Amino acid sequence: MASGQLSRAGALACSGCRHACHVMLYCDTKTQLFGRIPIRHIILMQMRFDGLLGFPGGYVNPSEETLEAGLSRELLEELGVALPISAEDHVDCCHAPASSPSSTSRLITHFYVKKMEEEQIKEVEKEAASTATDHGQEVLGMVRVPLYNTKNGGGLAPFLSHSFIGNARSQLVDSLLRLDMIAPEELHKALAHSLKIHTHTAEDLQAALTRTEAKRNWF
Ligand code: APR
Ligand code: MG
């Protein structure tokens, strides 16, 4: 078990801890972007109500339901489909990042990965935007993770440079490696480019802040 990770039994034995379960749903695909760039896999993430990217799922109370039943219930709300999740789909669990370095978070996040057929994934996307009760409220929209890198630096690198909830970016990156969805050197290149994008984004934000300050002083 990697450092910082908990066993499932250890996590459930934690008294006073809250639990949240999230899942990465994915499938293989032969689709090509622009008819030439292989998409390879469709991985579903979501733009959350707080403006951060994350995986579908949410709070589960293990004294009232199993982790998997609770996750299925959350998926029905967020995706409009009651997908069955089993204990075999459970990948790992750990304490959520704490608000300060000296404290330990009382929230334990459980991460699941479930492979589906392409048609099922497309059906989930359709329902998530139509029948899901959380659509437009707690979930602003489902997004696919672009796994390719275009010649001018588009694709995975800009996607990874967005803001993610908790450790969702690490959950994504670890899954890409564990499931052999991308070559380690390709992922390394994308992450290095993401860092450069961050620097540019910081400059862009600073310029926007300066413009806003000028307007604020004017009125
Ligand atoms: N890593 C760490 N923490 C995470 C991750 C992650 N990958 N994904 C989500 N979390 C945290 C969130 O910050 C939140 O505190 O897990 C908790 C529960 O996840 P959500 O999906 O946000 O919970 P959900 O049950 O879907 O509902 C959201 O929670 O913040 C409240 O009032 C808000 O009604 C809303 C509800
Ligand atoms: Mg949620």
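Which strands and which helix do the buried residues of H3 pack against? Keep that in mind while you load the model, which is a predicted one.

Start by selecting helix H3, residues 118-128. Colour Glu 118, Ile 121, Val 124, Glu 125, Glu 127 and Ala 128, which are buried. Now bring up what surrounds them: the buried residues of H3 pack against strand E2 (18-28), strand E5 (41-48), H2 and strand E10 (139-144).

Next, the metal. Pick the magnesium ion (ligand 2) and show Gly 57 (O) and Glu 78 (OE), which coordinate the ion at 2.2 Å. These two come from distant parts of the chain, 21 residues apart: Gly 57 sits in strand E7 (residues 57-60) and Glu 78 in helix H2 (residues 67-79). Both Gly 57 and Glu 78 are buried.

Phe 55 is in the loop between strand E6 (53-54) and E7, while Phe 111 is in strand E9 (residues 107-115), 56 residues apart. Phe 55 is buried at 2% relative accessible area, and Phe 111 is buried too, at 1%. Move on to Phe 159 and Phe 164, with centres 5.9 Å apart and planes at 75°, so this pair is edge-to-face. Phe 159 is buried with a relative accessible area of 9%, and Phe 164 is also buried, at 9%.

One more stop: show Arg 18, which lies over the face of Tyr 59, at 4.0 Å from the ring centre.

Notes
Residues are numbered from 1 along each chain as its sequence is written. Chains are lettered from A and ligands numbered from 1 in the order in which they are written. This is a predicted model: local features need pLDDT of at least 70, side-chain atom pairs count only at pLDDT 80 or more; totals for chains, interfaces and linings use all residues. Side-chain values use heavy atoms; hydrogens and water are left out. Donors are N, O and S atoms within 2.8 Å of the metal (3.2 Å for Na, K and Ca); water is not among the atoms, so sites may look incomplete. Helices (H or I, at least four residues) and strands (E, at least two) are DSSP runs, numbered from the N terminus. Buried means under 20% relative accessible area, exposed over 50%, partly exposed in between (1.4 Å probe, protein chains only). Contact means heavy atoms within 4.5 Å. Rings of Phe, Tyr and Trp (its six-membered ring) pair if their centres lie within 6.5 Å; planes under 30 degrees apart count as stacked, over 60 as edge-to-face and the rest as tilted. A charge sits over a ring if NZ of Lys or CZ of Arg is within 6 Å of the ring centre and within 35 degrees of the ring normal.
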